[in-house]
Amino acid sequence: MNLMSLTAVELGKKIKAKEVTVLEATKAALAAIEERESKYNCYVTVDKEGALKRAEEVQKLIDQGELTGPLAGVPVAIKDNMCTKDMLTTCSSKILSNFKPTYSAEAVVNLEKAGAVIIGKTNMDEFAMGSTTETSYYGETKNPWNEERVPGGSSGGSCAAVAAEECSYALGSDTGGSIRQPSSFCGVTGIKPTYGTVSRYGLIAYGSSLDQIGPVAKDVTDCATILEAISSYDKKDSTSVKREDYDFTSALVDDVKGMRIGIPTDYFIDGLDSEVKEAVLQAANTLKEKGAIVEEFELGLVEYAIPAYYVIASAEASSNLSRFDGVKYGYRTESFDGLHNMYKKTRSEGFGAEVKRRIMLGSFVLSSGYYDAYYLKALRTKALIKKEFDKAFEKYDVILGPVAPTTAPKLGDSLSDPIKMYLGDIYTIAVNLAGLPGMSVPCGTDSKGLPIGLQLIGDCFQEKKIIQAAYSFEQTRTYKRPLN
Amino acid sequence: MSKQYETVIGLEVHVELATKTKIFCGCSTEFGGAPNTHTCPVCTGMPGSLPVLNKQVVEYAMAVGLATNCTITQFNKFDRKNYFYPDNPQNYQISQLYLPICRDGGIEIDTPAGKKTIGIHEIHMEEDAGKLIHDEWEDCSLVDYNRSGVPLIEIVSEPDMRSADEVIAYLEKLRLIIQYLGASDCKLNEGSMRADVNLSVREVGASEFGTRTEMKNLNSFKAIARAIEGERARQIELLEEGKQVIQETRRWDDNKEYSYAMRSKEDAQDYRYFPDPDLVPVIISDEWLNEVKAKQPELQAEKKERYKKEFDIPEYDIDIITGSKHMADIFEETISLGANPKKVSNWLMVETMRLLKEHEMEPEDIKFSATNLAKLIQLTDEKAINSTVAKEVFEQIFNEDIDPVAYVEEKGLKTVNDEGALRSTIEQVIANNPQSVEDYKSGKKKAIGFLVGQTMKEMKGKADPSMINQILVELLQ
Amino acid sequence: MANIISDETIEYVGILAKLELSEEEKEQAKKDMGSMLDYIDMLNQLDTSEVEPMSHVFSVNNVFREDVVTNGDDREDIIKNAPAQKEGSFKVPKTVD
């Protein structure tokens, strides 16, 4: 039996039933990493010793009846922008190449309480800035479906690790599509929850008003189960929202009868790959056949989300990343002449090109004389975009569309033209601006054999609706693995 | 004829609030402590850490705003002020630029020309920075984040002051108000109250303000007064030479009595303020505002009125006692322990003031407890010690807050109330001083003073002088 | 390109952001920032005169901590990642007064 081809929930059941030990599961994940990691480079850090030790502890707690949840003993990979106590946390950057946090992110703590065994930290675009996982200081991650292709980003390592079965499931983070787009490119399922649902405490911030942690897994059941485990109201995060409905697995119901699904006509524009378009419309049709009411509508302001996002995210990032200065932690340049030279050399050597590009842009749009014209303008645009979604959700339970205009591009193709790369986020970014939940579910492959993702967007706090739609859709398909 | 100049001064006063914990984390604000022992991921800017606002900070800020006649902003936000410096762990300071908690207030000060209102432009909440210590041995600096994240309010005045005296009067008034509110101890020497001076000069009669400079690093009233004089002279000199005053930040060196420009190429002074996305708005409802209003403690003016009604003591004494919240607290507490208000007032007005002056201390520096003062007064009421002894004991209380009952016991200072022993001592004194006795009997009534003194000496000071007097008169009859 | 970024601007932003760019990087940054701003200028097509800037998507407000000390002395942990330290403090190049 190949333990790594099981879903997280399936593996958890076997562990609970004592058919598989936690140690066996952990060793299976480590063996898969041993076998395939040199090909894909999904991880920045693999904590073999820690995982094996933890496996024995978790087994004991399961045996004592203290851990009974569905994820107890299941190996997980964590995106490298979430703090893990005493375990290297680099954000795939040189500037944090030696940083071991003194505490774990709240989402990680929640997973540990659920009995998770952390295998390691996954590769990402440096500080989550990018859509390809090529901006990592630790080398690019390759798409398990085709090693000449990118896995998407910024949670490319997490999504590739799930697809390549180098972990049973993973955590990613999503600021402008960073869970959904790589999930789409890697043929796995991922959820970006409503802003405030998963604590940001311990998530190394990129764009604080947009960042959310979410699950990446093989199927919808796993995602709902993981989201249930990591969500919590956290007093340490002032933007955390107190909710009553963390029972996301209750939405795992195969029924879309009467569900109102809207498809924005303005998503089907130039630049959308025809095969992607066809697969997405086919998926809509499937849901219609299952009883959903599917309609086209005009969402509006679609093209304004990207410029507004880059102003807001870059502005916040320029401030969030100023703490990396060679004083308290991380990299410090070797030779310098005085304080300011130390700052400049440390940061110039420690950050990669894309990060510097966004810090420069963010500093500029906040600088004296430009704040109103750029930053406030972007916040006003955000308000307008939110209004468009509010109007749409008066009519629909779920908005359906593509995750990305294309399937995974070739390595090296995207970075040469930043704006072109940014345009690839056109369907995902507005969801972050409006704080909405969104998910990516596999809905087919193109003629090159690359996965296509279907995006389902819900109104604020309506994860259950998109989970139910995704689950129902998933029942019409079988999970496709990239590996043979 | 040389031109006449007017000085125009506005102040930015930073006050550390008296909360137990920092503004955004649960670390102690206690002063002192080994470097970085009062720190956590939040106040050292660890990646992934997030701020959560201390409610008490908002309430103290509101209290100060109300007491200084400000309008309280009911929709508040925090903004990030971005600049790189090692005492600032995130390289941004969380402050309030766009929506400060208090606006448009003012307080009245006394000037030789009468009462004058100094406007308060705004009061905002923010976090303090860490401390940089320069290491002499290694030519480097060491950063201690114990003060990082200690809550501050910054009180920005209007440019309404015209002299160092007005500035000091304003600061003293502000300090008194804040001390009365219990919002801060306002100690300039420990840095819990700091003032930056914005100063410009203009020709008398001019309607426009001149170019101003901002002076930092002023940690006593004397330094502030000297800095104002120094800067005024510097600016007038520039103008007289036909030069321009440059708008800049200057650091006052009180030893050299000179200020230095702090500008550098790396200091762009462009703080890129924007709303902190990690913090949510603070909304102050009418209900909350009223609650804080209802909790406002008695301020000086109200206290004065009450003292006038409740206690039979001179108005001058009331002014002095209520001029320090700490002194007024001791006064009231001593009375609550049963001491006579007049006697308490007397100890504060005479002996306490004398000793403060002698030690160059402020009323705020008083260390003794009301309990020990009350005990001392009780000892004198019971005539257990005489007034000379009492003064001696009080000095011990003032210096070390000793327990007077134990002290008097230990040192054997109790008045001897044994009339028989006293009578025989006096008989002895009369026998030994025939000349004085004769003087007394011949009408020189003053001579009795000498005999009282001799008796007191024999009794080693532990006698009640009125009792000696009484027995002497009786025996000399 | 409508937005021409000058050398001075790049220099100035470098001071603000504490980044030191090589000549080559500066040229690239001028180009990148110019084209990004051109793209962002698209927002000017929208009439936002009646719209309030939206910082937070949800109206969560008044999130407070009570004033109770919860943290002890974690100095060892706090300082352990420091690139340079001395006697429990973070060591930095001498700051000028």
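## A sheet in chain B

In strand β6(B), B:I94 is the bridge partner of B:R80. The model is predicted: local features need pLDDT of at least 70, side-chain atom pairs count only at pLDDT 80 or more, and totals for chains, interfaces and linings use all residues. Residues are numbered from 1 along each chain as its sequence is written, while chains are lettered from A and ligands numbered from 1 in the order in which they are written.

Strand β5 (residues 79-82) of chain B is joined to β6(B) by four bridges, and the two run antiparallel. Strands are DSSP runs (E, at least two residues), as helices are (H or I, at least four), numbered from the N terminus; two strands pair if DSSP finds at least two bridges between them. The open sheet has the order β6-β5-β16 (chain B), with antiparallel pairing. Because β6 (92-95) and β16 (274-275) of chain B each have a single partner strand, one side of each is left without a neighbour in the sheet.

## Two helices in contact

Helices α9 (residues 370-381) and α11 (residues 404-411) of chain B pack at about 55°, with their axes 8 Å apart. In α9(B), B:N372, B:K375, B:L376 and B:L379 meet B:P404, B:V405 and B:V408 of α11(B); contact requires C-beta atoms, placed from the backbone, within 7 Å. Axes are lines fitted to C-alpha atoms, for helices over the stretch in contact, and angles run from 0 to 180 degrees between N-to-C directions.

## A residue of chain A

Leaving aside neighbours within four places in sequence, A:V76 is in contact with residues including A:L111, A:V117, A:I119 and A:Y169.

Definitions and conventions. Contact = placed C-beta atoms within 7 Å.
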